[in-house]
Amino acid sequence: MRKNIIEVKDITKSFTISAKTPGIKGTLRHFFNRKTIEKKVVKNINFEITEGEIVGFLGANGAGKTTILKILCGLLYPSNGYISVAGSCPFKRETSFLKKITLIMGQKQQLIWDIPPIDSFYLNASIYGIEKSEAIKRIKDLSNMLEIDSELYLPVRKLSLGQRMKAELLAALIHKPSILFLDEPTLGLDINAQANLRKFLQIYNKQTGATILLTSHYMKDITYLCKRVICIHEGYITYDGKLEKLLTKLSPNKDVSIICKSIKDVEILKKLNIEIKNINDNQITFTVNKLDFKNTLKEILNKFDIEDLHINEPPIDEVIGKILINKK
Amino acid sequence: MNIKKYLQVYSYFNYSSFSIELEYKVNLFIDLLTAILGLIGSVFLLSIFFSNTDEIGGWNFNQALIIQGIYTILNGVTNTWFNPNLKEIVKYVREGTLDYVLLKPIDSQFWVSFNRISPTGLIEILLGFFVLNYCFYINNISFTIWSLILLMITLICSISILYSLWFLISTTTIWFVKTWNATEVLRSFLYMGRFPMDSFSFSLRIFFSTFIPITFITTIPSEVLLGLSPAWKIILEVLVSMTFLIFSRKFWKFALRFYTSASS
């Protein structure tokens, strides 16, 4: 049985923020008499993550996903609660702990802008105490996996966003971390670059057994990589479990559209235990529960000679969108 | 602390800084020209002050030139290390890239203080030592190893005080986010260091030697060179610099507890 690598118990995090009313009056009032409020962004959250898991954090903007990631990697002090990441207390930022983790943020970069990425890699290697010969080997291995080569010798500012993100990944993985915190890693990338990155992360997870915690607004990232998701809404965990179960829970039905050979068949179909949505000539559209789907379809295919069949599932973005809005 | 690792990291810092500077050749040339013209301007300004008098606060022009030399060295140090690094702290905090620094297994103060180097500032340091060398000649200073050691001690202390002051101000960025202007004020105070401490009124002397010990940092090394500095002044400078260094480090560690990172 795999052991827990991350344990979070009753974590709360509050920030003191100041609000400003619009207009010149508001600006002056804000300057002389700043009113601050304490905002709880993470509220009593609990979860455990086992070694080698890939877990996706889902939630709307401002839900608290990034704050949780930052608490887990030791950047922010929690206001309350207990955390253990790789057996350490993250916010103490002990060297042994920092060598085990990495943080990759899609919207921020650590590579030095004016010089080639290879120089940043060697700098990172020296920071992590990696010998140059070993660093060369790791750079070669990772660049093969990421399919970047000549780009390593061009100034970072000359690289495309996709190439830059690959280089960022290489810089962040040179010390072979066992826990990866990824905050929207595919942000702004084109479809192919997104797919490549996902593929790489999946292979990296399989090859190294690294634990990956991921936030992303691209549902494909989540569905491709994560079996388990944690949904956050206004600082609370609203769901923690298998993605498949969540999707079944949020969208229990599938729409089936059948074009029958005759209207007579449509009439017989209507008598079956199905929830009809629409009938148009010899085309019938009905909703069927995912659990009954297999049997219902089998029955139809056995009884009727159909012309065409379409199965429609609501787009996953639409389904997940529901939990971001409705706090289900 | 693993000294070997830190030296290696520092050599990479320097290498990447030089690489960046060499990417922009014209800028390098302009910086070099600015350093030379800056020194000429400062000496010219000093000569204007002395055009109608032989002494200011007990210092003649040749002696005051020593202070100018020390000031040029310190300004060079400022331009080489402090300006490119400590100014960036504001950027790190505003943009949230301090996250990457804090997650590296390396001392964060070391990173933010020595990450960059501006090679053109080194020219200024060389020019400063050139002025000091000239001052040895015009002031008939008998040069001994002992005076050189004392000069280096007081110079290191002066650099430490200046660094600590600058770093303290930059650290407040963690709470106030934008404090870049405050470091500019400190820089303009540094200009005061081009004149002997004794040339100021009593109240200003107190201000510039206690609250913001700018004159302290240029005058004492100059007095050491002229053999005018009593031992207590040197000891005091060592103590002041150590106090400032320790305080600035503790303050940084304390401030990091309040770092909230930038939102994504």
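Tutor: In chain B, 38% of the 264 residues count as buried (20 or more other C-beta atoms, placed from the backbone, within 10 Å of the residue's own). The model is predicted: local features need pLDDT of at least 70 and side-chain atom pairs pLDDT 80 or more, while totals for chains, interfaces and linings use all residues. Residues are numbered from 1 along each chain as its sequence is written, with chains lettered from A and ligands numbered from 1 in written order.

Chain B contains 12 helices and 2 strands (DSSP runs, H or I of at least four residues and E of at least two, numbered from the N terminus). Their order from the N terminus is α-α-β-β-α-α-α-α-α-α-α-α-α-α. The radius of gyration, taken over C-alpha atoms, is 19 Å, close to the 18 Å of the globule rule (2.2 Å times the number of residues to the power 0.38), so chain B is as compact as a globular protein of that length. The C-alpha trace of chain B spans about 60 × 40 × 35 Å along its principal axes. Of the contacts in chain B with a separation of 6 or more, 77% join residues 24 or more positions apart (contact: C-beta atoms, placed from the backbone, within 7 Å).

Turning to chain A, an open sheet of 4 strands has the order E11-E12-E10-E13, with antiparallel pairing (at least two DSSP bridges between paired strands). Its edge strands are E11 (275-280) and E13 (306-312) of chain A, each pairing on one side only. Strand E11 of chain A pairs with E12 (residues 283-289) of chain A over 5 bridges, and A:Asn278 stands opposite A:Thr285 in E12(A).

Notes:
Buried ≥ 20, exposed ≤ 12 C-beta atoms within 10 Å, placed from the backbone. Contact = placed C-beta atoms within 7 Å.
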